[in-house]
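Subject: A structure for you to look at

Hello,

Here is the structure I promised to pass on. Please open it beside this email and follow along as you read.

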Amino acid sequence: MENKLFERLIEEVKNLGAYKANVIAVNKISLDRAFRNMCETNACGVYGKCWMCPPDVGDIDMLMAEVGKYDYALVYQTVTELEDSFDFEGMVEAKKSTYPIAQKLRNVFKDMNITNALHLGAGGCGVCEVCSKRTGEPCRFPELAMPSLEAYGVNVSQLAPAAGMKYINGQDTVTYFGAVLFKEN
Ligand code: SF4
């Protein structure tokens, strides 16, 4: 039963555009609160400017504890070719291309009647061009808003091998990861 369910989830996310996917036990996921410290340095410039990013996404210890409430994780990756290693525009576009996959997965899980699921994407929320946090308004789409793996303390460089994937997939490519944590109903 589980194998059939996992196989179908893997197939579905690949059909949506993932390069590779796998289902692993949640206890194989490495968590580290140090990722919150990295967010606090605001290297990306979005700290405190998105409801789904720190500090607004929530306390790191509570979020890491939440991860442990699920049994399995559908882990997937996208790999996109770049013009060269300085193709920052290509990297941004590649990240944007992961958002529709992450959102369509919500319907896949609903259709399969898996309602107890936590969807985590590749950096930032990505639903709105400009998050309403910047203007002090409530989240416009709380049912679609999606935090990142890192916001929950997931060590993505260790998640990749745990799911049988490479963290980096060759010169002039960029790889992004997403995951859906779930419990079988
Ligand atoms: S859905 Fe829009 S308003 Fe809500 S967190 Fe995401 S980007 Fe911000």
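**The strands**

β3 and β4 run antiparallel and are joined by 4 bridges. One of these pairs L120 with A179 in β4. Two strands count as paired when DSSP finds at least two bridges between them. The names come from DSSP runs, numbered from the N terminus: helices are H or I runs of at least four residues, and strands are E runs of at least two.

Before going on, two notes on what you are looking at. This is a predicted model, in which local features need pLDDT of at least 70 and side-chain atom pairs count only at pLDDT 80 or more, while totals for chains, interfaces and linings use all residues. Residues are numbered from 1 along each chain as its sequence is written.

Back to the strands. β4 (residues 173–182) also pairs with β2, through 10 bridges, and these two run antiparallel. Look for E81, whose bridge partner in β4 is T173.

In β4, 9 of the 10 residues are buried, so the strand is largely enclosed by the rest of the structure. β2 (residues 72–81) is largely enclosed too, because 7 of its 10 residues are buried.

Next, please find α1, which has 14 residues and reaches 20 Å from its first C-alpha to its last, close to the 20 Å expected at 1.5 Å a residue. The expected span is 1.5 Å times one less than the number of residues. Which residues of α1 are buried? They are L9, E12 and V13. These cover an arc of only 90 degrees around the axis, which puts them on the same side of α1. The arc is that of the directions from the helix axis to the C-beta atoms. On the other side, N3, K4, E7, E11 and N15 are exposed. The buried residues of α1 pack against β1, β2 and α5. Two residues are in contact if their C-beta atoms, placed from the backbone, lie within 7 Å. After α1 comes G17, with a positive phi near 125 degrees.

Helix α5 (residues 98–111) can be read in a similar way. Its 14 residues should span 20 Å at 1.5 Å a residue, and its end C-alpha atoms are 20 Å apart, which agrees. T98, I101, A102 and L105 are the buried residues of α5. Seen down the axis, they fall within an arc of 95 degrees, so they line one face of the helix. The face turned away from them carries the exposed residues P100, N107, K110 and D111. Among the elements that cover the buried residues of α5 are α1, β2, α4, β3 and β4. N113 follows α5 and has a positive phi, near 65 degrees.

**The ligand**

How many residues surround the ligand? There are 14, and the closest are C125, V127, C128, C131 and C139.

S132 is in the loop between β3 and α6, and it is partly exposed, with 14 other C-beta atoms within 10 Å. Although S132 and C50 are 82 residues apart along the chain, their C-alpha atoms are separated by 7.3 Å. Not counting residues up to four places away in sequence, S132 touches E137, P138, C139 and R140.

G48 sits in the loop between α2 and α3. Its C-alpha is 8.4 Å from that of R134, which is 86 residues away in sequence.

Finally, A162 belongs to helix α6. Leaving aside neighbours within four places in sequence, A162 is in contact with I24, K28 and I29.

Enjoy exploring!

Terms used: A residue is near a molecule or strand if its C-beta atom, placed from the backbone, lies within 6 Å of it. A residue is buried if 20 or more other C-beta atoms lie within 10 Å of its own, exposed if 12 or fewer, and partly exposed in between; C-beta atoms are placed from the backbone.
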